[in-house]
Amino acid sequence: MTRSADLFKRAQEFIPGGVNSPVRAFKGVGGTPLFIKKAEGAYLVDEDDQRYIDYIGSWGPMITGHADKDILDVVRSRLDLGLSYGAPTELETEMAEVLCKLVPSMQKVRMVNSGTEATMSAIRLARGYTGRDKIVKFEGCYHGHSDSLLVKAGSGALTFGVPTSPGVPADLAQHTLTLTFNDIEGVRACFKELGDQIACIIVEPVAGNMNCIPPQAGFLEALREVCTESGALLIFDEVMTGFRVALGGAQEHYKVDPDLTTLGKIVGGGFPVGAFGGKAEFMDKLSPLGPVYQAGTLSGNPLAMAAGLALLKKVSQADFHKQLSSYAKRLCQGLEERAKAAGIPFVTQQAGGMFGLFFTEQSAVNNFADATACNLERFNAFFHAMLKEGVYLAPSAYEAGFISSAHQEEELEATLNAAEQAFASLK
Ligand code: PMP
């Protein structure tokens, strides 16, 4: 038995499913999850001392690679100053200044402790500001696990939502309308009927939780338009895309101006952090200035702020995103070439430093139905074949892949060599 298998068995005795977040359990792809001992640069090392090129990067935060010395030094230098004060610090203001400078639509921002908290709070603010209850989300987009967001579409396009998880009250789920990503007409029809009851649209501007699906031309612009017309707020959930698709996030790349933005992952440099912000007109409705309540014991934690600021400084360097994007493009292109050579129908999609792999005959994947129509068995076999060759992809066909600036020529070549073997094994 491997040490990972042994540790997984032990974990399952006291942790539900042996993990603290479901996708880590390898349930979708099957097999035993690797237990990680340490990580450095582009690599993870498991408890059996196997080394893997990592394309998860802790699901996004480790954009300059693991155990980045610059970040570790900053964290070390703060340790002796204490771990948390529950009182304001200069670091929090520095973080707010940096975020408002980097994210085009952001004038004010508040720190929280996870992406889930960020989206939950942004939705409360949109509801509080507009005095409306309904929200619009898109099938296949994930915005954390708060009640209003664990909702799927009802049976017809315009029926009210139903919970995807026991524990979410149907009374609450009915306020969530779930539409099809990239379907402009569907959005217009919904707003024509219910626009004056809708508090906000929340969207991943590049969907990264049903694999990687960029917006089609005009989709994000149409969302902006219906929100402006109806008085609903447009929330871009940039927890994943922030500082990854471009320095200023997807809103900078696609030049669309949301009212509120949610952030996480990279902002904390590897610590548990989220943030939500936007136009002062909306943000000033938050307590203590306004009536919309939101709070947090550890929000703005000094270690997390210091690590996050150090990472944001690094990703702000000239050409950082150009290089990240160039690696991701070459990776995707190389994978497609090798799949073609092996006669396997396969396409990739990519936006900045995130990418998606699809086993499909279609030339593009544009929504949840397209993503779920892909060949899941093939993905799972490919995942395990790559793992055997020392490449750690996301253990699910519905997650985007992430690269870091620590991924260089050596890793690219090793990954593509591994893929050649893996595609051949699928035949
Ligand atoms: N929004 C998006 C777009 C996400 O990808 C995630 C998590 N992957 C979340 C929100 C929730 O963030 P967290 O897991 O930090 O609660």
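**Exercises on a predicted model**

In this predicted model, helix 2 (residues 69-79) packs against helix 10 (residues 302-315) at an angle of about 150°, and their axes lie 9 Å apart.

**Exercise 1.** Determine how helix 2 is oriented relative to helix 10.

*Solution.* The angle between the two helices is about 150°. Angles over 145 degrees count as roughly antiparallel. Helix 2 is therefore roughly antiparallel to helix 10. The crossing of helix 2 past helix 10 is right-handed.

**Exercise 2.** Identify the residues through which helix 2 and helix 10 meet, and classify the contact.

*Solution.* Helix 2 contributes Asp70, Ile71, Val74, Val75 and Arg78. Facing them in helix 10 are Pro302, Leu303, Ala306, Ala307, Ala310, Leu311 and Lys314. Sorted by class, this contact of helix 2 with helix 10 comprises nine nonpolar and three charged residues, with no polar ones.

**Exercise 3.** Describe the shell of residues around the ligand.

*Solution.* The shell numbers 16 residues, of which Ser114, Gly115, Thr116, Gly144 and Val239 come nearest to the ligand. Helix 4 (residues 115-130) supplies the largest share of the shell, three residues. By class, ten residues of the shell are polar, four are nonpolar and two are charged.

Conventions. Residues are numbered from 1 along each chain as its sequence is written. This is a predicted model: local features need pLDDT of at least 70, side-chain atom pairs count only at pLDDT 80 or more; totals for chains, interfaces and linings use all residues. A residue is near a molecule or strand if its C-beta atom, placed from the backbone, lies within 6 Å of it. Helices (H or I, at least four residues) and strands (E, at least two) are DSSP runs, numbered from the N terminus. Ala, Val, Leu, Ile, Met, Phe, Trp, Tyr, Cys and Pro count as nonpolar, Asp, Glu, Lys and Arg as charged, and the others, Gly among them, as polar. Axes are lines fitted to C-alpha atoms, for helices over the stretch in contact, and angles run from 0 to 180 degrees between N-to-C directions. Angles under 35 degrees count as roughly parallel, over 145 as roughly antiparallel, 65 to 115 as roughly perpendicular and the rest as oblique. A crossing is left-handed if the near helix is turned anticlockwise from the far one by less than a right angle, and right-handed if clockwise. Two residues are in contact if their C-beta atoms, placed from the backbone, lie within 7 Å.
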